[in-house]
Amino acid sequence: MRASARAFARREWGPLYATVREALVVRRLRAIPLTLTAVLLTSVLQVVQNQDWGYQPVQDLGSVRAADPLWLALLRTPLSLFVPALDLPVWGALAQVLLVFGIAEICLGRGRTLFLAYAATLAGTLYARVALALGPDTPLGLPATEAQVVDTGPSAAVVGLAVYVCWRRRARWTAILVVVAMVVEVLVKNNLAGKEHIAALAAVGAVVAVQEWRARRRNGGGSADGAVDGAADGSADGFTSRSTGEPSSEAGPGAGSRSGAAAGPVPHPLLQPEAEPRPGVRS
């Protein structure tokens, strides 16, 4: 039983663990500048909004409500991601940002992490308006009282990033677990925050569907798994060959003639095959 659990953990989280560990060992905190900036910004906004003089400025710059004009909500959405919800402990938001943003920044890069975080957040912001228009009598709708709910925090971005990273690194069961948890959240507590998480998952699902379609086109209609795995471990995310100075696994023509097989990087111990017994609200 223990051996089976270790084998499952190796298949599910081995590639992800190896990528994150290598980045942190080689570059340490220089591997996650975006994440550290996000944690610092969230901390500063939490301190400021709890001051008598700071509450209103933070609300004016980063507080989103479905009752607000759309242009104002869109203007405030970028900062709203880092404004912790006042009714929730701030350490939860900070832990989410540090863990999920950090892993995503290492695996996806800063640009893609920011894009997905804001895509998920914006999906939740826009969904709130659709849900209010549908009303409480439909499964996707919400009562009019939700229009005044302050909608801030990183949780929609965290949910979207978590599922996307799991898809890229083939942690399929973990991705399914996150999705199931969000569905259960909505069934238990049918409110704006829970349904915004579903909207964030839908936005990331659309991104995944487009990438799968493009990968299949590049493969001539075949399976997209190989192309996606290559993109996940290639130049877009390929931390090893760029930062450590180790030779790339893409050996030149001479390498094949000398060794008879392309030399690849030494796998991390977590990826080694096991010795068989001889077989917000948003936050």
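**Notes on the model**

1. Pro 154 sits in the loop between H6 and H7. With a relative accessible area of 2%, Pro 154 is buried, where buried means under 20% relative accessible area, exposed over 50%, and partly exposed in between (1.4 Å probe, protein chains only). Thr 121 is 33 residues from Pro 154 along the chain, and their C-alpha atoms are 7.7 Å apart.

2. On provenance: this is a predicted model, in which local features need pLDDT of at least 70 and side-chain atom pairs count only at pLDDT 80 or more, while totals for chains, interfaces and linings use all residues. Residues are numbered from 1 along each chain as its sequence is written, and side-chain values use heavy atoms, with hydrogens and water left out.

3. The protein chain has twelve helices and zero strands; along the sequence the pattern reads α-α-α-α-α-α-α-α-α-α-α-α. Helices (H or I, at least four residues) and strands (E, at least two) are DSSP runs, numbered from the N terminus.

4. Of the 283 residues in the protein chain, 40% are buried. The chain exposes about 15400 Å², and carbon and sulfur atoms supply 65% of that area. Accessible areas come from the Shrake-Rupley method with a 1.4 Å probe; for residues, only the protein chains shown count as cover.

5. How do helix H4 and helix H6 cross? The axes of H4 (residues 70-80) and H6 (residues 110-134) come within 10 Å and cross at roughly 145°. Axes here are lines fitted to C-alpha atoms, for helices over the stretch in contact, and angles run from 0 to 180 degrees between N-to-C directions. The crossing of H4 and H6 is right-handed: a crossing is left-handed if the near helix is turned anticlockwise from the far one by less than a right angle, and right-handed if clockwise.

6. In the contact of H4 with H6, H4 supplies Leu 70, Ala 73, Leu 74, Thr 77, Pro 78 and Ser 80, and H6 supplies Tyr 118, Thr 121, Leu 122, Thr 125, Leu 126 and Arg 129. Contact means heavy atoms within 4.5 Å. By class there are seven nonpolar, four polar and one charged residues in the contact of H4 with H6. Ala, Val, Leu, Ile, Met, Phe, Trp, Tyr, Cys and Pro count as nonpolar, Asp, Glu, Lys and Arg as charged, and the others, Gly among them, as polar.

7. Helix H5 (residues 90-108) packs on helix H7 (residues 155-168) at an angle of about 40°, with the axes 10 Å apart. H5 and H7 are therefore oblique to each other; angles under 35 degrees count as roughly parallel, over 145 as roughly antiparallel, 65 to 115 as roughly perpendicular and the rest as oblique. Their crossing is left-handed. The residues in contact include Val 100, Phe 101 and Ala 104 in H5 and Val 158, Leu 161 and Val 165 in H7. Twelve nonpolar, two polar and one charged residues make up the contact of H5 with H7.

8. The axes of H7 and H8 come within 8 Å and cross at roughly 155°, which makes H7 roughly antiparallel to H8. The crossing of H7 and H8 is left-handed. From H7 the contact takes Val 159, Val 163 and Cys 166; from H8, Arg 172, Thr 174, Ala 175, Val 178, Val 179 and Met 182. Seven of these residues are nonpolar, one is polar and one is charged.

9. Gly 102, in helix H5, is buried at 6% relative accessible area. Not counting residues up to four places away in sequence, Gly 102 touches Ile 32, Thr 35 and Val 97. Gly 102 and Thr 113 are eleven residues apart in sequence and 9.4 Å apart, C-alpha to C-alpha.

10. Thr 19 belongs to helix H1 (residues 2-27) and is buried, with a relative accessible area of 13%. Leaving aside neighbours within four places in sequence, Thr 19 is in contact with Ile 106, Cys 107 and Arg 169.

11. Two backbone angles deserve a check. Most residues other than glycine have a negative phi. Arg 28 has a positive phi, near 55°, and lies in the loop between H1 and helix H2 (33-49); at 60% relative accessibility, Arg 28 is exposed. Arg 170 also has a positive phi, near 60°, and lies in the loop between H7 and helix H8 (172-188); at 15% relative accessibility, Arg 170 is buried.
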